Amino acid sequence: MCKLINFVFLIFFICLIPKYNANPTSRRFNGYEDVPYNAVFDDENSIDGSDVIDLSSLGPEAYGLPNNESGNAVAAWSESSLVNPEELGSYAEGDILMPPHEGRNGIKEESFRWPKGHIPYSIEGSFTAQEREIIMKAIADYHRLTCLRFIPYSGQKDYIVIQNKDTGCWSSVGKLGGRQEVNVQSPGCVSKKGTVIHELLHAIGFMHEQSRPERDNFVTIRYNNIKSGAEINFKKANPQHSNDFGVPYDFNSVMHYSEYAFSKNQQKTIDPKVGGVKVGQREGLSRSDVRKVNNMYGCKKEEPQSGWFGNIFQNWFN
């Protein structure tokens, strides 16, 4: 009898889940139809987007132009690969690419958070309907779980372009100003929702999880297994120039490298110090990812903590 009741409740819950509109120009997400964003969301947001993001931990290797070498590597990737497609790039840490800037050493050492957590965006390039749907699912996760809002581009000065060029998976970190590109080469970079979420998190202002200063307390880096020249991708951030926003190290973060990232011999390059733990998932935001985004942007929104919906949240997003 109890199993029957649980089944009925599950069916009832599924029927209540609103479906988002996969049309990239639509303003309907999670049941909110074409209404002003402020009218729907501002009551729950207290986002201060003026804060600076320190980029000084990125070396000169992070600054440059897209290249086809990375695109060729992603084109050869398949879902049976030991690594994630964004770990194949020749960019800084695989997928961080900052545009060259005039100034001291050609390096821009800061970017910014997005004011009020609003991120104007457009989608360009020859994505299939299924690939566009994956992009929209990634955006819908941010809308459901955080206070960030991706707003269809309508002439704003600062915005991101989600594009499909044969240069791999890559993004800059934080808001740079003007047109800002996030490249998700198809099919590899749009085969999983979590890969799109990963690149968008860079644009939001996040670095990789395994580059945190306290990384060595949680994982062992097997340098003898790393490709020659890729060792720099495993450097740690300076604790004076990083911010964990009160969130502990997260093995399950969508920003964590996989265990075989940049391996030269199909042996692990990252070995968790906790038994039974896997790193490098690309299914979606972890609970700690959600908390970190909301802390970074001063969001009042609370995730489900208890009850049957809270349990579903933990099962899906942990």
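The buried residues of α5 are Gly 194, Thr 195, Val 196, Ile 197, His 198, Glu 199, Leu 200, Leu 201, His 202, Ala 203 and Ile 204; buried means under 20% relative accessible area, exposed over 50%, partly exposed in between (1.4 Å probe, protein chains only). This is a predicted model, in which local features need pLDDT of at least 70, side-chain atom pairs count only at pLDDT 80 or more, and totals for chains, interfaces and linings use all residues. Residues are numbered from 1 along each chain as its sequence is written, and side-chain values use heavy atoms, without hydrogens and water.

Helix α5

- Helices (H or I, at least four residues) and strands (E, at least two) are DSSP runs, numbered from the N terminus.
- α5 covers residues 193-204, and its twelve residues reach 16 Å from first C-alpha to last, close to the 16 Å expected at 1.5 Å a residue (1.5 Å times one less than the number of residues).
- Eleven of the twelve residues are buried, so α5 is largely enclosed by the rest of the structure.
- Gly 205 follows α5 and has a positive phi, near 135 degrees.

Aromatic pairs

- The structure holds ten aromatic pairs; rings of Phe, Tyr and Trp (its six-membered ring) pair if their centres lie within 6.5 Å, with planes under 30 degrees apart counted as stacked, over 60 as edge-to-face and the rest as tilted.
- Phe 234 and Tyr 257 are edge-to-face, because their ring centres are 5.6 Å apart and their planes at 75 degrees.
- Both residues lie in the loop between β8 (219-221) and β9 (270-272), so the pair ties together parts 23 residues apart in sequence.
- Tyr 121, Tyr 142 and Phe 150 are linked into a cluster by ring pairs.
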